[in-house]
Amino acid sequence: MKNMTPEHREAHARDMLANPLFVLLSEKMEQDAINRAVNASLTDSLAQQAALAEVRAVRTFRRNCEAMLRNTQEPKAAPA
């Protein structure tokens, strides 16, 4: 599927974002990672960082899919 047209990518992104299983799984993955970050030991900063990185990854993936649906590029973060 390397040679997928923009229209095909957009259609697949729309289908995926509308799929109740995708929505359920992505929300569950995000919530589980948030819970791991919140419930990690106060002294285990590595576990907290890993869980929060997972939250960011799930959210970024979802935003990228939504951006593909709009047929736009994912906006870059503002400079610090």
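Buried residues (under 20% relative accessible area, with exposed meaning over 50% and partly exposed in between, for a 1.4 Å probe and protein chains only) make up 18% of the 80 residues in the protein. The model is predicted: local features need pLDDT of at least 70, side-chain atom pairs count only at pLDDT 80 or more, and totals for chains, interfaces and linings use all residues. Residues are numbered from 1 along each chain as its sequence is written, and side-chain values use heavy atoms, with hydrogens and water left out.

The accessible surface of the protein, computed by the Shrake-Rupley method with a 1.4 Å probe, comes to about 6300 Å². Carbon and sulfur atoms account for 61% of this surface. The protein contains 3 helices and 0 strands, and its pattern along the sequence is α-α-α. Helices (H or I, at least four residues) and strands (E, at least two) are DSSP runs, numbered from the N terminus. Among contacts (heavy atoms within 4.5 Å) with a separation of 6 or more, 54% are between residues 24 or more positions apart.

Two packed helices are described by the angle between their axes and the distance between the axes. Here the axes are lines fitted to C-alpha atoms over the stretch in contact, and angles run from 0 to 180 degrees between N-to-C directions. Helix α2 (residues 20-39) packs with helix α3 (residues 45-69) at an angle of about 155°, the axes being 7 Å apart. Helix α2 is therefore roughly antiparallel to α3 (angles under 35 degrees count as roughly parallel, over 145 as roughly antiparallel, 65 to 115 as roughly perpendicular and the rest as oblique). The crossing of α2 with α3 is left-handed, a term used if the near helix is turned anticlockwise from the far one by less than a right angle.

On the α2 side, the contact involves Phe-22, Ser-26, Glu-27, Met-29, Glu-30, Ala-33, Ile-34, Arg-36 and Ala-37. These meet Gln-48, Ala-51, Leu-52, Glu-54, Val-55, Val-58, Arg-59, Phe-61 and Arg-62 in α3. By class, the contact of α2 with α3 has 10 nonpolar, 2 polar and 6 charged residues. For these classes, Ala, Val, Leu, Ile, Met, Phe, Trp, Tyr, Cys and Pro count as nonpolar, Asp, Glu, Lys and Arg as charged, and the others, Gly among them, as polar.

Glu-54, in helix α3, is partly exposed, with a relative accessible area of 32%. Leaving aside neighbours within four places in sequence, Glu-54 is in contact with Met-29, Ala-33 and Arg-36. Glu-54 and Met-29 are 25 residues apart in sequence, and their C-alpha atoms are 8.4 Å apart in space.

Helix α1 (residues 6-18) packs with α3 at an angle of about 130°, with an axis distance of 8 Å. Helix α1 is therefore oblique to α3, and the crossing of α1 and α3 is left-handed. Arg-9, Glu-10, Ala-13, Arg-14, Met-16 and Leu-17 of α1 make the contact with Phe-61, Arg-62, Cys-65, Glu-66, Met-68 and Leu-69 of α3. The residues of this contact comprise 7 nonpolar, no polar and 5 charged.

Asp-15 also lies in helix α1 and counts as exposed, at 51% relative accessibility. Asp-15 and Leu-69 are 54 residues apart in sequence and 9.6 Å apart in space, C-alpha to C-alpha.
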